[in-house]
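Please keep the sequence and the structure in view while reading.

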Amino acid sequence: MAENMMDDSNYVLVRDGVASYLHDDDPEETREWLESLDGLLETSDMGRARFLMLRLLERATAKRVPLPSLTSTDYVNTIPTSLEPEFPGDEDIEKDYRRWIRWNAAIMVHRAQRPGIEVGGHISTYAGASPLYEVGLNHFFRGKDHPGGGDQIFFQGHASPGMYARAFLEGRLTEEDLDGFRQEVSRENGGLPSYPHPHGMPEFWEFPTVSMGLGPMDAIYQARFNKYLHNRGIKDTSEQHVWAFLGDGEMDEPESRGLIQTAATNQLDNLTFVINCNLQRLDGPVRGNGKIIQELEAFFRGAGWNVIKVIWGREWDALFEADPDGNLVKLMNHTVDGDYQAFKGHDGAYVREHFFGATPETAKLVENMTDEEIWHLHRGGHDYRKIYAAYQKALETKGQPTVILAHTIKGYGLGRNFEGKNATHQMKKLTLEDLKYFRTKQHVPISDEELEKNPKEPPYYNPGPDHPSIKYMLERRKELGGFLPERRGHRYEPLTVPGPETLKKHMKDSGKQKVATTMAVVRIFKDLMRDKELGERFVPIIPDEARTFGMDSWFPKLKIYNPLGQQYTPVDDDLMLSYREAVDGQIMHEGINEAGSVAEFIAAGTAYATHGVAMIPMYIFYSMFGFQRTGDSIWAAGDQMARGFLFGATAGRTTLTGEGLQHLDGHSLTLASTNPAVVSYDPAFAYELAYLIPRGIERMYGTADGENVIYYITIYNQPIHQPAAPDDLDVEGLHKGIYLYDKATGDGPSANLLASGVGMQSALKARDILRDDYGVSLNLFSVTSWSELARDGRAKDRVALRDPSVDPEKAFVTEVLEKVDGPYIGVSDFECAVPDSIRKWVPGEYTVLGADGFGFSDTREGARRYFNIDGESITVAVLSALAREGKVDREVAVQAAKDMKITDATATYQGATQDH
């Protein structure tokens with residue numbers, strides 16, 4: 001028997017891979033343990049064996065025995081009732097004003113559907129989640145006046161009506177404010193944004209969360225950045241906690257789960273996810289045939305998180321106690337979410353028949369209960385005691401982040417027409433019958449007559465600041481450090497920004513050395529980071545391309561941030577530019593992770609508001625993988641009023657030589673131009689960067705009322721001769737978007753060439769060809785920002801539209817270009833839409849050249865000839881424009897096109913092999 005037993009155990013061990021590789025130094029003791037288990041199975045049942053094994057695992061974990069994690073547990077609360085702490089508050093009082101908040105939140109949305117307005121809104125999310133917020137706001141979430149600095153709360157987007165309703169009871173908002181819900185500009189005194197939008201309510205909302213998936217990701221990196229500030233000695237964040245309220249349906253977004261390992265590997269015990277598991281998406285169940293709570297438990301446990309399930313309310317405790325055989329738990333384990341949702345869409349009799357009636361044992365458990373009592377067996381996410389215990393346990397957990405999976409009912413308390421219904425997310429109005437039921441359920445002292453008077457505009461309820469319940473609520477917030485949500489954007493100390501004169505060496509001629517603008521940026525920031533006051537405020541963010549961008553020279557001095565330090569010897573330890581990690585490292589090296597990099601950028605770029613500390617993120621990336629891949633996050637950065645620098649390196653559709661379609665960016669400037677917070681530049685020379693970067697920092701943090709701007713600067717990896725800054729440089733023109741770089745000379749025909757970025761190199765070549773071979777001179781303009789010129793033009797057009805009595809002000813680009821005669825040609829290494837964006841304000845014939853279409857693998861020369869943005873193609877474009885104005889013979893342009901073979905990319909080929 002013993003031999004067979006050992007054979008069975010070996011099979012199991014090999015199959016599971018748990019211990020088959022471990023050496024057994026006491027086989028006899030092992031045999032005794034296994035025989036003991038076999039004996040238990042012979043004298044007892046599988047349930048008893050399972051119980052004992054789970055208890056042994058619990059004990060082993062408590063004793064720090066390193067074991068593979070148990071990824072899934074029974075469908076019950078993680079914290080046993082016997083281990084729940086005493087609830088410290090007055091539950092009855094807290095429920096009083098929770099009900100009023102729930103009422104006012106729903107009524108605000110309902111009133112927003114009144115005739116003439118009808119702007120929508122969502123009632124059911126907050127109705128079901130309100131206890132999750134209220135326990136936190138009454139006992140855990142610290143405001144900004146707390147000595148520890150205050151917590152950061154990511155409120156679930158669709159629950160925003162509840163936050164407005166609470167602020168109404170707190171005296172922060174008025175009835176007039178609530179009636180302005182979703183009417184931000186049409187009301188005389190403004191209104192409330194639909195969701196958490198800091199841009200719309202800059203003193204209230206702190207984090208935009210309603211683009212689902214971004215909230216979880218941003219919360220992780222906010223918690224990580226808090227640790228970064230602390231470990232670098234910039235701010236003590238040891239008492240600050242990040243709470244993120246999420247939906248179970250939202251967890252299907254790749255961003256929601258795709259970075260949870262970052263929280264575990266960084267040991268972010270300052271982070272708690274609270275997932276509102278009402279089992280519903282916007283249209284139907286999240287996992288009708290499965291169990292989303294169990295799925296999320298396994299997922300988060302496997303990633304290294306502490307998981308706390310809050311599934312059943314206190315009313316179930318007696319039933320568990322009366323069921324020693326575990327039949328109820330077995331039934332719960334096997335019931336799918338679609339059924340759980342259906343149970344709460346009916347009544348107690350339905351639950352008795354279809355749930356408890358599934359087995360004789362569970363039916364017997366409730367035989368002495370009425371249908372009404374069965375109906376009031378609540379879910380754990382509606383129980384203050386269970387929620388409090390989970391939150392307290394989350395804060396006590398060290399060394400890992402926590403996720404709380406709270407079982408709730410969507411639309412809870414709104415009545416049978418709302419609770420658990422598939423359509424509840426879209427339901428925005430309550431019938432008179434619904435209003436009366438809801439009023440009674442929430443114990444709101446409003447009469448039937450008041451409701452019947454105008455069912456489209458039922459009254460809000462606020463008993464006033466002297467009511468004992470409101471006094472209690474206000475006192476709780478006072479003790480916790482002030483109201484939430486709250487944003488303070490003006491509490492940072494302005495930065496002293498070095499002027500461009502400190503970067504003079506970057507404005508000199510590079511001589512024989514060729515320098516790409518990417519390398520120029522690296523050198524400029526290296527000098528800026530030497531500044532004693534400013535240096536520590538820079539946050540370099542790199543997605544695993546530091547060596548590509550020449551930033552590996554930063555590794556030894558700045559070091560890469562890692563909260564665990566460097567516990568290994570790097571393979572390049574003997575090299576000067578060795579890979580160095582440190583607890584107080586300054587570089588945020590995110591790995592191959594653009595989404596996380598932008599989340600880090602947001603956390604750093606909003607530290608002036610969240611922490612009162614001005615930090616300057618500079619995120620450098622392959623330009624193709626910026627706005628195209630993470631545009632939604634950059635949009636959220638604008639909403640959150642982030643400030644910092646984005647550098648689109650290896651920019652352009654032809655400059656990253658040899659790479660292919662997926663890498664070659666010819667449109668990021670177009671995408672960037674759609675974001676109102678982004679100021680885009682496409683500089684041609686290093687000296688332009690030396691002016692743009694200090695001005696950007698000055699705009700962001702030079703005063704206490706800094707601008708909420710994000711600088712997007714495209715930089716290139718093509719080494720070029722860097723000229724010195726002209727003595728007569730028009731610095732303001734450089735910042736506004738255009739200045740005259742080289743003036744036309746000579747008596748022959750002239751034209752005007754507008755070029756940006758690496759396109760300037762082709763423009764310079766065209767200038768020389770036109771001068772030497774055709775007697776044509778050029779006014780060569782450096783266009784540092786096409787988008788800023790276009791914005792200026794549109795802004796002035798709008799002023800003229802709004803006041804036709806005033807002579808319209810000229811666009812800046814018009815003022816500059818009307819000083820010269822002749823046709824205009826615009827060129828860049830981007831698609832034609834970029835230079836074409838200023839067409840309306842160009843005072844004459846305007847030809848644009850650009851790289852439209854997919855990129856491909858080839859030489860720079862071949863690609864530029866293909867797209868007709870090389871010097872030869874520009875030459876033909878200028879001659880053609882002059883011919884159309886009658887300044888040169890058309891045949892000159894025709895012959896030039898033939899001579900220079902501008903339709904033949906193979907004419908640029910220089911790699912012919914030697915015949916043997």
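## Salt bridges

Arg-257 and Asp-252 are joined through their side chains by a salt bridge, at 3.7 Å from N to O; the term denotes a side-chain nitrogen of Lys or Arg within 4 Å of a carboxyl oxygen of Asp or Glu. The model is a predicted one, in which local features need pLDDT of at least 70 and side-chain atom pairs count only at pLDDT 80 or more, while totals for chains, interfaces and linings use all residues. Residues are numbered from 1 along each chain as its sequence is written, and side-chain values use heavy atoms, with hydrogens and water left out.

Arg-257 counts as buried, at 12% relative accessibility, whereas Asp-252 is partly exposed, with a relative accessible area of 32%. Here buried stands for under 20% relative accessible area, exposed for over 50%, and partly exposed for values in between (1.4 Å probe, protein chains only).

The count of salt bridges comes to 56.

| Pair | N to O distance |
|---|---|
| Arg-257 and Asp-252 | 3.7 Å |
| Lys-796 and Asp-792 | 3.0 Å |
| Lys-887 and Glu-885 | 3.2 Å |

Lys-796 and Asp-792 both belong to helix α31 (residues 786-802), where they stand four residues apart, about one turn of the helix. Helices are DSSP runs (H or I, at least four residues), numbered from the N terminus. Lys-796 counts as buried at 15% relative accessibility. In the pair of Lys-887 and Glu-885, Lys-887 is partly exposed at 39% relative accessibility, and Glu-885 is likewise partly exposed, at 33%. Elsewhere, salt bridges with shared partners link Glu-91, Lys-95, Arg-314, Asp-383 and Arg-385 into one network.

## A covered helix

How many residues of helix α6 are buried? In α6 (residues 160-170), 11 of its 11 residues are buried, and the helix is mostly covered. Among them are Met-163, Tyr-164, Arg-166, Phe-168 and Glu-170. The buried residues of α6 pack against α4 (91-111), α5 (124-139), α7 (175-178) and α21 (468-479). After α6 comes Gly-171, which has a positive phi, near 90°.

Thr-78 is situated in the loop between α3 and α4 and is partly exposed, with a relative accessible area of 31%. Apart from neighbours within four places in sequence, Thr-78 is in contact (heavy atoms within 4.5 Å) with Val-307, Ile-308 and Lys-309. Its side chain reaches the backbone nitrogen of Lys-309 at 2.6 Å. Between Thr-78 and Leu-780 there are 702 residues of separation in sequence and 71 Å in space, C-alpha to C-alpha.

Helix α3 (residues 46-62) contains Leu-56, which is partly exposed, with a relative accessible area of 46%. Together with Trp-33 and Met-53, Leu-56 forms a nonpolar patch on the surface, with about 340 Å² of accessible area together. Such a patch is made of residues with over 30% relative accessible area and no salt bridge, nonpolar side chains being joined within 5 Å.

## Confidence

The protein has a mean pLDDT of 92, and 95% of its residues reach 70 or more; pLDDT is the predictor's confidence in each residue, from 0 to 100. Over residues 1-18, the pLDDT is below 50, and this stretch has 15 contacts in the model beyond near neighbours in sequence.

Conventions: Helix = DSSP H or I, 4+ residues; strand = E, 2+ residues; numbered from the N terminus. Patch = residues over 30% accessible without salt bridge, like charges linked within 9 Å, V, L, I, M, F, W, Y side chains within 5 Å. Areas by Shrake-Rupley, 256 points an atom, 1.4 Å probe, with all protein chains shown as cover. Polar contact = N/O pair within 3.5 Å; in protein donor to acceptor, adjacent residues only side chain to side chain.
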